Each structure stands twice: as structure tokens, then as C-alpha cells.
Amino acid sequence: MKTTFSGFRCFRCGTQQKALFDGYACPACGGNLEVRYRWPTEPADRWWIDDSRQDIFRYKALLPVSNLDLASPLRVGMSPFYTAQRLGAAVGLQRLYLKDDGQNPSASFKDRAGAVALVRAREIGATVLCGASTGNAGSSMACLAASVGMPCVIFVPEKAPAAKIAQLLIFGATVLAVKGSYDDAFDLCMHVCAQRGWFNRNTGHNPFTREGKKTAAFEMYEQLGDIPDWVAVPTGDGNIIAGVWKGFCDLKEAGIADKIPRMLCTQSEASAAISQTVWTVQQTDGNLPDWKTVDVANVSATTVADSISVDQPRDGLAAVRAVLESGGAAVTVPDSDILAAIPEMARGSGVFAEPAAACAWAGVKQAAREGILTAEETVVCLCTGNGLKDVANARKAAGEPVRVEATLEAALAATDGIG
Ligand SMILES: *Cc1c(COP(=O)(O)O)cnc(C)c1O
Ligand SMILES: [Zn+2]
């Protein structure tokens with residue numbers, strides 16, 4: 001009783017490829033490819049869970065890789081799932097949950113993608129792992145590469161936060177700090193991979209990144225014991241929101257669950273290509289469009305939330321489909337709300353998020369204000385990256401310590417009225 005990885009299908013034009021296809025994008029139109037499966041016909045109860053594993057590979061029956069001897073020994077996934085009552089109550093939500101993916105080996109959600117991409121790379125005999133990144137995808141690939149002793153080359157915009165560049169270097173990756181944006185780094189990486197024949201982990205372009213990210217949906221289903229009404233996802237390239245949606249779609253297609261949550265795309269106003277595209281499509285009639293005719297917007301991103309600062313979303317169409325086909329919504333927030341959301345989340349729940357991850361909470365608040373989310377709905381807010389990734393921006397919203405002389409009198413005076 002095994003699922004078969006049966007091939008690929010283009011998100012844009014629907015053209016299919018066999019599982020042996022060794023390219024990345026759709027040969028017919030250049031669109032991103034979705035991994036397809038043949039599901040077991042007479043499945044046993046819990047057939048899709050391997051309880052002997054406490055990482056994403058407990059769902060190996062739903063993944064397109066088979067040789068787990070090639071997987072990183074690091075524990076990726078099975079991240080904590082918390083009820084966030086106080087945080088929810090602040091905006092009138094009775095059933096708010098936080099899923100903390102800052103607790104992955106390299107401290108971001110990207111480890112899910114990297115862990116599956118790593119097995120795929122080794123299964124096809126790749127010798128060098130390569131990718132472009134705003135920071136987290138790269139530091140994740142570098143971390144996982146180090147865990148199995150593979151060489152790794154990462155392209156980042158030179159302005160990536162110091163902690164992320166430090167992570168990359170510490171894990172021993174060759175780091176090319178590109179004098180330009182993430183989009184410049186991405187394009188450069190594509191050319192170098194093509195010329196050198198390296199495994200290209202680039203987000204969205206490599207269909208296996210989405211497959212790794214979908215495992216968060218499986219965990220939510222297990223951890224909640226149900227399908228939530230909404231999942232809020234901070235969005236840049238759109239690969240996380242498309243991946244989480246794909247995970248729920250797989251559960252439904254395979255007959256494991258019977259519904260799909262609405263996807264809430266949360267973005268900074270200063271990097272909102274996917275939201276703008278969603279709104280444009282929503283303004284036309286009520287039906288879903290022919291996806292071949294939808295062009296995802298391009299913007300000039302300036303947000304402080306570096307992990308979601310994207311001019312040209314690399315999995316944009318899949319993300320737009322995720323929002324619209326799930327009956328979801330897109331909201332945007334100003335950067336000031338994103339920075340304010342960092343201490344709010346931390347003080348209301350104990351989870352410290354980097355700016356991009358805090359955008360999910362800022363977006364949940366915005367959606368509650370707009371009446372998109374209602375009080376009794378079950379809402380999961382995805383925390384995609386740890387706050388220690390970008391201390392400089394956290395400090396902007398954190399306030400200042402109380403400076404005291406090193407005397408008991410001064411310390412007592414300064415603590416009067418606490419508790
Ligand atoms: C990459 C990333 C995102 C956005 O994911 P996309 O696939 O680019 O939409 C959000 N938060 C964090 C912390 C990330 O690293
Ligand atoms: Zn195509």
C-alpha cells in the first residue's frame with residue numbers, strides 16, 4: 001500500500017511530465033511544476049503516518065522521495081503547535097493557534113523544503129547544492145548540506161541580515177553576496193546552476209521545495225485533530241502558502257481529510273505582488289479564471305521584513321491559486337504593524353518571530369478587523385522564522401532596558417510597583 005510519485009503537472013498550462021523528468025520548469029510554458037501522485041486505493045487506517053519518526057519523514061508515504069538513508073540526520077518539522085488564547089482574545093478570536101517553525105534546525109520554515117530537496121538531490125546523484133535566498137532558504141540549505149558533508153553554494157542579496165549571513169558562513173557554504181536584490185541573486189543563481197550542472201534548490205522553480213513545505217499541513221491536521229478553518233501564512237515568493245495548501249489538497253485527494261482550509265495570504269504593503277494579483281482576479285466575476293491568462297504582478301519591494309521582500313514572486317501563480325481556490329483572502333499591513341507585531345506576539349504567546357514571521361500575526365489582526373476572520377473560526381497563524389534571525393529590527397520595536405546603578409537601592413526603586 002504505497003503512494004506512487006507519478007509525475008508533474010504545470011500550474012500554469014496543465015501540461016504533464018513523467019516522474020523521470022529531470023528538468024525543473026514546464027518545458028511547454030516555463031511555469032512551475034506541481035508533483036503528482038497515485039494514491040493507494042484501499043488504504044488502512046493511518047497508512048500515511050510512520051509513527052517511528054518524529055520529523056517530516058513520518059509522512060514519507062506522501063512525499064516524492066524514497067531513500068531516507070540519504071536524508072539529513074537533523075530533526076526537521078514536527079514543530080510545536082500552541083493554543084494562543086490571550087493573543088486571540090486581543091482581536092476577538094476564540095480559537096487561535098500558533099505553529100512555531102522557528103524551532104527547526106536552522107530556525108526557519110525553510111528547513112522543510114531543504115530536507116526534501118536534499119534527499120532528491122542525492123537520489124539523482126547531485127554533487128553540489130546551490131540556491132538563491134533572501135537568507136533563510138540559504139542558511140537552511142547550508143545547514144542541511146553540512147549535516148551530510150555536501151558542498152553548498154548560496155547567492156544572497158548583500159543586504160541580507162547579518163545573522164543570516166553569519167549562519168551561512170558558519171555552516172561552511174560558499175556565499176556569494178550579490179550587489180543587488182534577491183531577484184538579481186535568483187537570476188544569477190539560475191544561470192550558474194545551468195552552466196555548472198549543480199542541483200538548483202531555488203524556491204518554486206524546484207518543485208520539491210513545495211513538497212517539503214506541504215508537511216506543515218499534515219502536522220497541523222495531526223496536532224489539531226481536525227482541519228482548521230483558516231491558515232495565515234506570511235508570503236513573499238508564495239512557495240510556503242502554495243506548499244501548505246498543496247498539503248491540504250493532498251490529504252483531501254488521498255481521502256484522508258474531507259475539506260481544505262481557507263488560505264490567508266499576509267504581506268507587507270511594501271511587498272504585495274501576490275495580494276495585488278489576488279485582488280485583481282477577485283474584482284473580475286465570481287468564477288476562477290483560466291490560469292494561463294493570469295499574470296502575477298511585479299512590484300518594487302522595500303519592506304523591512306527581508307524574508308518576504310520580493311519584486312517578482314517565484315511561486316506567484318501557485319500562491320494566487322492557493323488563495324482563490326481555497327476561498328481564502330489576501331491582506332496587507334504597513335511595516336510599522338509588522339514591527340509592532342514582534343513584541344506583541346512575544347508578550348502574548350512567548351513566541352519570538354522575525355519580522356517576516358510576525359507579518360502573519362499582523363495580517364491575522366488586519367483580517368479580524370476587516371471581518372474576514374470571525375470569532376468562532378479556527379485560525380492557525382504560522383510562525384515561519386525565529387526572532388533571533390534579525391535582532392536589529394526586533395530592537396526597533398522592543399523598547400529600552402531600565403539603566404540602574406549597581407546598588408540595591410537603585411534596583412528596588414526601579415522595580416517598585418511590579419507584580
Ligand atoms: C521564506 C520566508 C517566508 C515567505 O515564504 P515564501 O515562500 O517566499 O512566500 C516567510 N517567512 C519567513 C521567515 C521566510 O523565511
Ligand atoms: Zn506549462
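The following legends describe close-up views of a predicted model.

**View 1. Three strands form an open antiparallel sheet.**
The order of the strands across the sheet is E2-E1-E3. Strand E2 (16–18) and strand E3 (33–38) lie at the edges, and each has a single partner strand, so one side of each is left without a neighbour in the sheet. On average, neighbouring strands are turned by 35° against each other, with direction ignored.

**View 2. Strands E1 and E3 pair in the antiparallel sense.**
Strand E1 comprises residues 4–10, and its pairing with E3 extends over six bridges. One residue pair may be picked out here: arginine 9 has glutamate 34, in E3, as its bridge partner.

**View 3. A salt bridge joins arginine 314 and aspartate 187.**
Side chains of opposite charge can pair when their charged atoms come close. In the whole structure, 25 salt bridges are found. In the one shown here, the N to O distance between arginine 314 and aspartate 187 is 3.3 Å. Arginine 314 belongs to the loop between helix H9 (273–283) and helix H10 (316–325), whereas aspartate 187 belongs to helix H5 (residues 182–196); the pair is 127 residues apart and links distant parts of the chain. Arginine 314 has a relative accessible area of 13% and is buried, because buried means under 20%. Aspartate 187, at 36% relative accessibility, is partly exposed.

**View 4. Lysine 246 and glutamate 211 meet in a salt bridge.**
Their side chains approach to 3.1 Å, N to O. Lysine 246 counts as buried, at 2% relative accessibility. Glutamate 211 also counts as buried, with a value of 0%.

**View 5. Lysine 214 forms a salt bridge with aspartate 250.**
The closest N and O atoms of lysine 214 and aspartate 250 are 2.7 Å apart. Lysine 214 is found in the loop between H6 and helix H7 (215–224), and aspartate 250 in helix H8; 36 residues apart, they link distant parts of the chain. Lysine 214 is buried, its relative accessible area being 0%. Aspartate 250 is likewise buried, at 3% relative accessibility.

**View 6. Four residues are linked in a network of salt bridges.**
The members of this network are Arg46, Asp51, Arg58 and Glu222.

Conventions
Residues numbered from 1 in each chain as written. Chains lettered and ligands numbered in written order. Predicted model: local features only at pLDDT ≥ 70, side-chain atom pairs only at ≥ 80, totals over all residues. Heavy atoms only, no water. Pairing = 2+ DSSP bridges. Helix = DSSP H or I, 4+ residues; strand = E, 2+ residues; numbered from the N terminus. Axes fitted to C-alpha atoms, helices over the stretch in contact; angles between N-to-C directions. Buried < 20%, exposed > 50% of the residue type's maximum accessible area, 1.4 Å probe, protein only.
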